[in-house]
Amino acid sequence: MKHDQPQLIDALASEYVLGTLRGAARRRFERWQSAEWHVASRVHTWESRLIPLALGLPPLAPSPGVWTRIEERIRSADAPPATRRAAARPALRALAAGLLMCAVIAGGYVAWRMTQPLPLQTVATIKAEQGPILWSIELDAHRERLRAVALAAAATRPGHSFELWALPPGKGAPVSLGVLPGAGQLERTLSDAQRQALAIAAQVAVSLEPPGGSPTGAPTGPVLYVAALNPNV
Amino acid sequence: MHPMTAPGRRYTMANGAAANSTDDELARLIQACAARDRQALRRLYELMAGQMLASMVRILRRRALAEEALQDVFVSIWQRAQQFEGGRGPARIWLMAIARHRAIDVLRSERVNLYREADVEQLPEPAMEGMGDWASAGRSAAALARCFEELSGEQRRGIELAFINGYSHADIARVTGEPLGTIKSWIRRGLASLRQCLES
């Protein structure tokens, strides 16, 4: 697939918004859209073209309970841990209040810690045998976030993308970790499949692909670089 | 009657409460949500939930499933309100896009079950007689209605089944009895004609 053709981008964007782009192609297009603003902009154009069609449907009033459940969900997402009524006996009230205070502080601290992203550590550096480092790949300890940092200006090839793969041991199929940035850095949240692949992989590889990445979900172009994955993370 | 050759009808592209609430008001409400104003979310719900649910029930075919997805949509609006950029386009489009994406995501995961269940929601046809209220629907909706009517019957029906009902190419082939390749080409050509007409 030649992803650099504006007409093709537009056609994919139109079928994406229409809903007929499905399965792996849809997921690939979503990744591409979030990485490239000009792809996202075609999606926005098609949304404003087609969505008035959906606005022509007669509105359907939701059941009364729907709003209540939305309110509960946003409240529990936003609120600090709920306070409880203090114990009935006056003698216990001070103790209960004290314990509650500790619980709130501890709960708040745990909640705060859970929302703090874990630090990223470099797990692989990708380079040609003699050349400078082209990308460094960073991961957090839970393998939830991956950041790829382009370090050399040579990391672009017109009309192509470089795609990163986790190489499982043995004969397992490579698992895509997404397209690498030509410059700057790109950070993404990993899927369960990507996390599992990284947990067992000993190496990562970079293949040359059409813009936006492999259209098949498996490497289609030549594998240009292979790098060891640091197992200590 | 062959589903692809139903007589042409007039399309109304927007109506109801959503059309009366201006995009400016919706944009202000989304910004207020970003500032954690729950009343603003409530007001957005009053203005948009009916329109969103109509579209989601069409795609998901079961009200309970659509209402659950509608909850996700409003929680998502609450969480993503800060990402809304006024300059990107009309607020109503942004809101409806979130609702549609959610419905299609749920459809992907529930697909098999949907086809097995016989008790899908019985829905009225989306057809509406008479031209829409273009003043409130906006210029882009009027242009879409005009261009939509210029499509051939097959192209229009294909796009409608895909967009409104959430049908895949294969679903449309099944309900129309036409080969998959024919359906793909109807839709591809229909979208190309729409683009050409809307850009002219």
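**Figure 1. Surroundings of B:Leu60 in the predicted model.** Leaving aside residues up to four places away in sequence, B:Leu60 touches B:Leu65, B:Ala66, B:Ala69, B:Ala103, B:Val106 and B:Leu107; two residues are in contact if their C-beta atoms, placed from the backbone, lie within 7 Å. Residues are numbered from 1 along each chain as its sequence is written, while chains are lettered from A and ligands numbered from 1 in the order in which they are written. The model is predicted, and local features need pLDDT of at least 70, side-chain atom pairs count only at pLDDT 80 or more, and totals for chains, interfaces and linings use all residues.

**Figure 2. The nonpolar cores.** A nonpolar core is a set of buried Ala, Val, Leu, Ile, Met, Phe, Trp, Tyr and Cys residues joined through C-beta atoms within 7 Å; a residue is buried if 20 or more other C-beta atoms lie within 10 Å of its own. The largest such core comprises 74 residues, and B:Met56 and B:Leu60 have the most contacts inside it. Helix 3 (residues 38-60) of chain B supplies the largest share of this core, 13 residues. A second, separate core of 27 residues includes A:Ala124, A:Leu164, A:Leu190 and A:Ala227.

**Figure 3. The helices of chain B.** Chain B has 10 helices and zero strands, where helices (H or I, at least four residues) and strands (E, at least two) are DSSP runs numbered from the N terminus. Of its 200 residues, 44% count as buried. Among contacts in chain B between residues at least 6 apart in sequence, 75% join residues at least 24 apart.

**Figure 4. The contact between chain A and chain B.** Chain A contributes 30 residues and chain B 49 residues. On the side of chain A that touches chain B, two or more residues each come from helix 1 (6-18), helix 3 (37-54) and helix 4 (64-78) of chain A. The largest share of that side, nine residues, belongs to helix 3 of chain A.

**Figure 5. The open sheet of chain A.** Four strands of chain A, in the order 1-2-3-6, form an open sheet with antiparallel pairing; two strands pair if DSSP finds at least two bridges between them. Strand 1 (121-127) and strand 6 (185-189) of chain A stand at the edges, each with a single partner strand, so one side of each lacks a neighbour in the sheet. Strand 3 (residues 145-150) of chain A pairs with strand 6 of chain A in the antiparallel sense over five bridges. A:Leu146 stands opposite A:Arg188 in strand 6 of chain A.

Methods. A residue is buried if 20 or more other C-beta atoms lie within 10 Å of its own, exposed if 12 or fewer, and partly exposed in between; C-beta atoms are placed from the backbone.
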